[in-house]
Structures are given as structure tokens and as C-alpha cells.
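Colleague: Before I take any label in this model at face value, could you show me the value and the cut-off behind each one?

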Amino acid sequence: MRTSNHLIGLLNFVTFLLSIPILGGGIWLSSRANNTDCLKFLQWPLIIIGVSIMVVSLAGFAGACYRNTFLMRLYLVAMFIIIAVLIGFIIFAYVVTDKGSGRRVMNRAYLEYSLQDYSGWLEERVASHSYWSKISSCIRDSRVCARMGTTINGLPQTPDMFYRRHLTPIQSGCCKPPTDCGYIYQNETVWSLGSGLMGADPDCTRWSNDQEQLCYACDSCKAGVLASLKKSWRKVSVINIVVMIILVIVYIIAYAAYRNNRKMDNDEPYGQARMTKAQPSAFHL
């Protein structure tokens, strides 16, 4: 019994440690929501799941130390629910960020983004007027475009140097006009009309050299936000999948140890289930 309790206590300590990367991923997304991605709702489920795992692990640890059957049952039931929610959330995150990617442009190192490449619930939410006004205001306040400016010996970058830069999705979509529009580079956030015909993309007329406007009203900016969110979520999802697999393994071992404790409490030999002649004993936690 003491060995099984020690094992359960150790496993609960492991699940407590596993809650840290999940909680850390939620906090990281929250920090990006404030100054980069500007989407302030998807990080909360991760934070709640991380805190829940932490609290439930402490309850299971206390139940193992004090041989409290109620706390152990609470731990097993709650952890099963948390694992199911985590699996569902990982699937949801992959589904809503599945579509869309940057497009390569000739003689450009950076990618360009089109809202037509995205669809689904997340695209509709980001593109909605009421929600986009908050996102665009967040991007403007973050000054992500103002920080693009670099100089060499006091002079701005040449067009060729700028075209070789690897811009972030938000920088590419929000801080400059689409390449198809035919604007001529002056500096990172100032572009002049070319001598040829302007492209048919509606974003061509939405671009403004006003540093408070730029391309914040462009569909390319919305697409850049979606691409940035997809990149952030894929990084966090890798960690979540690894943690989820370890949690499932730990849960199975903890459940087996708990069942062993119950058998020993009932004076059953380890590895041998008690059975009556009429019918097997009912399955229960």
C-alpha cells in the first residue's frame, strides 16, 4: 500500500509539472495578444486548462499522502475530463487554423497574404467589422509598423534591401501595400503611386501613407493577423500534444495504482481480481 501511495503521489507531482508548459503557453499567447497577434480570447482556454491540471494534481497528491479515497476519486474523474477537454481543444485549434498560408512573390523574400486563402469561424470573427476595429487599433498601438524602419549611415534602406527582408505576416499585410498594386518604395511605410495602372485589388485604394492608417483597413492585414495567429498556435500545439500524450500515460499508471490500492484494501492478491460464482464484481472507481 505504501509503495502504491508513493507512486500515485509521484505521478501527481509529474502532472503538476506538466501543467507548467501548458500554463506557460497560454501566458505566452496572452503576451502576444497584447502586442503582436492582437487576438485576446484564444489563450484563455489554455490558461484555464493549465490551472485546472495544477489544482487537480495537488488534490491527487494530498489524497495519496493521506489515503483520502474521495480526493483520489476526484483526481481521477477530474483529470479524465481535463484530458478530454485538452484533446478537444487541440483538435479545435488545428481546425480553425488549418487553412491559409503566405504567397510567394517574384523578387521578394517576404510572403504576401490574401484573405481569400482563409475561411471558417476564425476568419469570419477576425474579418467582422466590430472585432476588426479592436484588432486594428491594437496593431496600431503596438507600433509594429513604426519599428520596421532601419537606416544605414543615416539613410533609409534601398528598395532592393527592403525586398530581401523577411517580414512577419503582420508587417507584410498591414505596413505596406500589396505588390500587385504597383506602388513604388520610398521607405518602409511610405510608397508612391507608380506610372502604370493600379492593380484591381481593393486593398490598392485602401493604402494610405498616413502613418495612422497605412493598410490597417486592408484585407491583407486581416490575412496577416490570421497567418500570425496560425504560426503562434502551431508552436503551442506541438507542446500541448506532447504534454497530452504524457498526461494520458501518467493517468493510466495512476489509475492502475489506484485499482491496486483498492484490491489491497479488499485483501485481494496483487494482479488477481476477485469474482463470485454468480457474476463478476461490478466495475467502479
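Colleague: Where is Leu-214 placed?

Modeller: Leu-214 sits in the loop between helix 8 and helix 9, where helices are DSSP runs of H or I with at least four residues, strands are DSSP runs of E with at least two, and both are numbered from the N terminus. Please keep in mind that this is a predicted model, in which local features need pLDDT of at least 70 and side-chain atom pairs count only at pLDDT 80 or more, while totals for chains, interfaces and linings use all residues. Residues are numbered from 1 along each chain as its sequence is written, and side-chain values use heavy atoms, with hydrogens and water left out.

Colleague: Why does Leu-214 count as buried?

Modeller: Buried means under 20% relative accessible area, exposed means over 50%, and partly exposed is what lies in between, computed with a 1.4 Å probe on protein chains only. Leu-214 has 1% relative accessibility and therefore counts as buried. Its backbone also deserves a look, for Leu-214 has a positive phi of about 45° although it is not a glycine.

Colleague: What makes Asn-107 exposed?

Modeller: The relative accessible area of Asn-107 is 61%, and so the residue is called exposed. Asn-107 lies in the loop between strand 1 and strand 2 (111-112), and its phi is positive too, at about 65°, although Asn-107 is not a glycine.

Colleague: Why is Val-190 called partly exposed?

Modeller: Val-190 has a relative accessible area of 25%, which is why it is put in the partly exposed class. This residue belongs to strand 6 (residues 190-192). Contact means heavy atoms within 4.5 Å, and, leaving aside neighbours within four places in sequence, Val-190 is in contact with Ile-184, Tyr-185, Asn-209 and Gln-211. The C-alpha atoms of Val-190 and Gln-211 are separated by 8.4 Å, although the two residues are 21 residues apart along the chain.

Colleague: What makes a group of residues a nonpolar core?

Modeller: The members must be buried Ala, Val, Leu, Ile, Met, Phe, Trp, Tyr or Cys residues, joined through side-chain atoms within 4.5 Å. The largest such core here has 70 residues, of which Met-79, Ile-135, Ile-139, Phe-162 and Leu-247 touch the most other members. Helix 9 gives the most to this core, with 17 residues. For Met-79, the contacts beyond four places in sequence are Thr-15, Ile-53, Val-56, Ser-57, Leu-247 and Tyr-251.

Colleague: Which residues line the largest cavity?

Modeller: The lining consists of Val-96, Thr-97, Lys-99, Tyr-118, Ser-119, Leu-122, Glu-123, Leu-226 and Lys-230. On a 1 Å grid over the protein atoms alone, a cavity is a set of points where a 1.4 Å probe fits but cannot get out, whereas a pocket is an open set with protein on both sides within 12 Å along at least five of seven lines, and a lining residue has an atom within 4 Å of a point.

Colleague: What is the volume of the largest pocket, and which residues lie nearest its centre?

Modeller: The largest pocket has a volume of about 400 Å³, and of its 20 lining residues Arg-103, Tyr-113, Ser-114, Pro-178 and Asp-201 lie nearest the centre. By class the lining has 5 nonpolar, 6 polar and 9 charged residues, where Ala, Val, Leu, Ile, Met, Phe, Trp, Tyr, Cys and Pro count as nonpolar, Asp, Glu, Lys and Arg as charged, and the others, Gly among them, as polar.

Colleague: Which residues does the "transmembrane region" annotation cover?

Modeller: The unreviewed UniProt entry gives that annotation to residues 6-29, 41-62, 74-96 and 238-258, and such annotations may be inferred rather than shown by experiment. In the model, residues 6-29 are 100% helix and 0% strand, with end C-alpha atoms 36 Å apart. Residues 238-258 are likewise 100% helix and 0% strand, and their end C-alpha atoms lie 30 Å apart.

How values were computed
Grid points are joined across faces, edges and corners, and a volume is the space filled by probe spheres set on the points.
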